[in-house]
Amino acid sequence: MTDPGLPTSEHLEHLDTDTIADLIENLLPATEAHRAREHVKACPECQQTYDALLELTADLAEEGRADIPMPADVAEHLDAVIVSESVLRASTVGVHSLAQFREEPRRHLPKLLGAAAGVVLIAALGVGVVFATKDQANEGAASTDQNSPPADTVTISTKDIGPRTQKWLEQTPNAILHGTAAEQACAKTFAAGRPNPAIRLIQPAKIDGTRATLIGLQGSTPRDIHIFAVTGCSEPGGVASSFYDTNVTLRSR
């Protein structure tokens with residue numbers, strides 16, 4: 001039987017929003033996940049939806065970690081806007097994943113964006129609450145210590161992989177090991193098949209719009225690190241597939 005949520009041939013039909021959300025949350029079986037990823041790569045419209053949901057997930061996780069002082073009347077107004085859109089419960093202002101959205105009746109992306117627009121409108125009316133977006137928060141952090149290794153998924157372009165990873169590794173004598181347990185296991189399996197399996201870096205990343213993992217392996221000398229950008233490690237049981245690699249030489253060792 002053909003899965004109605006997935007296309008049977010290229011561009012025959014678009015993936016629905018829930019299927020793309022499940023793909024991002026690693027909720028699809030491996031075979032369906034592979035088919036969905038291949039479709040997203042080939043379909044500009046589905047890729048746009050995927051990128052929007054991925055960015056929304058990252059923004060929600062970032063906002064969920066910050067304590068923002070808010071007057072009681074503004075909090076009540078904000079909760080009312082969110083509840084009216086059936087996107088979030090009033091008690092779950094700090095949402096960390098799309099899976100939590102689906103505890104409520106499922107909505108399409110326009111409804112999610114509509115709720116976000118309602119929140120933006122409250123701020124625009126001058127209620128005295130400052131909402132910092134994820135990008136603005138990253139700009140502030142970068143202005144104070146842009147060379148520090150990031151604790152969470154970092155957005156980066158391919159051309160910046162070498163310079164950025166070099167700076168991170170020069171800031172600490174220890175290995176930088178971030179990511180989920182699945183990502184850690186995937187990186188170790190990838191490293192085991194290399195001449196030098198000593199891992200110096202595991203870093204979740206979004207590279208040129210693609211969810212990926214940066215893996216740094218020890219080179220021939222303590223100062224030399226071989227950096228790989230791979231896809232596949234963000235999924236439970238995933239297999240790393242390298243699409244970019246470069247060598248960096250640390251100046252502080």
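Helix α8, residues 161-170, is mostly covered, with seven of its 10 residues buried. Buried means under 20% relative accessible area, exposed over 50%, and partly exposed in between, with a 1.4 Å probe and protein chains only. Helices (H or I, at least four residues) and strands (E, at least two) are DSSP runs, numbered from the N terminus.

This is a predicted model: local features need pLDDT of at least 70, side-chain atom pairs count only at pLDDT 80 or more, and totals for chains, interfaces and linings use all residues. Residues are numbered from 1 along each chain as its sequence is written, and side-chain values use heavy atoms, leaving out hydrogens and water.

Back to α8. Its buried residues include Ile161, Trp168 and Leu169. Among the elements covering them are β1 (154-156), β3 (199-207) and β6 (241-249); contact here means heavy atoms within 4.5 Å.

Next, α9. Its buried residues are Glu183, Gln184, Cys186, Ala187, Phe190 and Ala191. Seen down the axis of α9, they fall within an arc of 165 degrees, so they line one face of the helix. That arc uses the directions from the helix axis to the C-beta atoms. On the other side of α9, Ala181, Lys188, Thr189 and Ala192 are exposed. The cover over the buried residues of α9 includes β2, β3, β4, β5 and β6.

Now the loops. Asparagine 26 sits in the loop between α1 (17-24) and α2 (30-42). At 28% relative accessibility, asparagine 26 counts as partly exposed.

Aspartate 208 also has a positive phi, near 50 degrees. Its place is the loop between β3 and β4. Aspartate 208 is exposed, with a relative accessible area of 52%.
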